[in-house]
Amino acid sequence: MTDALSLSSRSTAAVVVAAGKGLRTGGMVPKQFVEWRGKPLVRHSVEALVEAGIRPIMVAIPEGWEEVAATSLGGLADVRFVLGGETRQASVRVALEALEPDAPSQVLIHDAARPLLSQAVIGGLIEALQRGVATIPVLPVVDSMIRGERGAMAGKVEREELYRVQTPQAFDYSTILDAHRSWQGEPDAGDDAQVAVAAGHEVLLATGDEALRKVTFAADLEEQGMIRATRTGIG
Ligand code: CTP
Ligand code: MG
């Protein structure tokens, strides 16, 4: 196994945001705690981070779900919990603040809703971070992109300069902590790259991974299960 940290002499921590309500997915249990491929969704990516030697891993969770979170991530080294906020940005900020006593050099910030995190992606981001203070995984847009107005096509958008943005996003720790502290934008930033750019930092683009897509709707859980079944010849 390639240890991602062998690519960097700097200490790397992680924030995993798992404090959302999963309203678009629906159901009684927020999607990050739903059992998927044999374990809670959040456990997939946290295990990948542990395997990469990243520590500590600060997981932002929703109030009232402390026991479920502890069970979901039981037995994993250096996993800690903090109560998240009203928005994703607030959850990231509170988790970054909670890492301050550990004074990591760099941090990966990841959505619990993206379970399929590979060692190759983690290693690639840490390697890319040697060249700047922020690096994010992106994928090209392959479909034509248009603008629509009142149900009709209003114009074309050049897709060559458009990318789909994923997580984990990798940052110099104090740079992204300061950026979150000075964030004055919308209540929810969408992602941490926007927070970094708003604070005046250059964000480098690294190659993303189709497998990193986010579980958003209930069908995403089913669809991913079907893809697996097809690949392994089960379905
Ligand atoms: N998240 C969080 N704190 C919030 C909102 C979101 O930690 N206040 C996390 C989610 O748990 C998820 C990630 O941010 O891992 C991406 O957010 P999203 O996919 O939008 O999840 P939810 O906000 O939970 O879903 P929805 O918007 O459908 O309610
Ligand atoms: Mg949301």
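1. Helix α3 (residues 88-98) packs against helix α5 (residues 173-181) with the axes 10 Å apart and an angle of about 130°. That angle makes α3 oblique to α5. Here axes are lines fitted to C-alpha atoms, over the stretch in contact for helices, and angles run from 0 to 180 degrees between N-to-C directions. Under 35 degrees counts as roughly parallel, over 145 as roughly antiparallel, 65 to 115 as roughly perpendicular, and the rest as oblique. The α3/α5 crossing is left-handed, meaning that the near helix is turned anticlockwise from the far one by less than a right angle.

2. A word on the ground rules: this is a predicted model, where local features need pLDDT of at least 70 and side-chain atom pairs count only at pLDDT 80 or more, while totals for chains, interfaces and linings use all residues. Residues are numbered from 1 along each chain as its sequence is written, with chains lettered from A and ligands numbered from 1 in the order in which they are written. Helices (H or I, at least four residues) and strands (E, at least two) are DSSP runs, numbered from the N terminus.

3. Now the strands. β4 (residues 57-61) pairs with β5 (residues 79-83) in the parallel sense over five bridges; a pair needs at least two DSSP bridges. I57 has V79 as its bridge partner in β5. Between β4 and β5 the chain goes through helix α2 (residues 66-72), giving a right-handed β-α-β crossover. Right-handed means that, with the strands pointing away from the viewer, the path from the first strand over the helix to the second runs clockwise.

4. With β12 (residues 204-207) it pairs in the parallel sense over four bridges, and P137 stands opposite A206. β7 and β10 are antiparallel, over three bridges, with L139 opposite R164. β7 and β11 also run antiparallel, joined by two bridges, and T135 has A170 as its bridge partner.

5. Some backbone spots to check by eye. Most residues other than glycine have a negative phi, and most peptide bonds are trans. The R55 to P56 bond is cis, with omega about -10°, and P56 sits in the loop between α1 (41-51) and β4. T167 to P168 is also a cis peptide bond, with omega near 10°; P168 is in the loop between β10 (163-165) and β11 (169-172). D78, in the loop between α2 and β5, has a positive phi near 60°.
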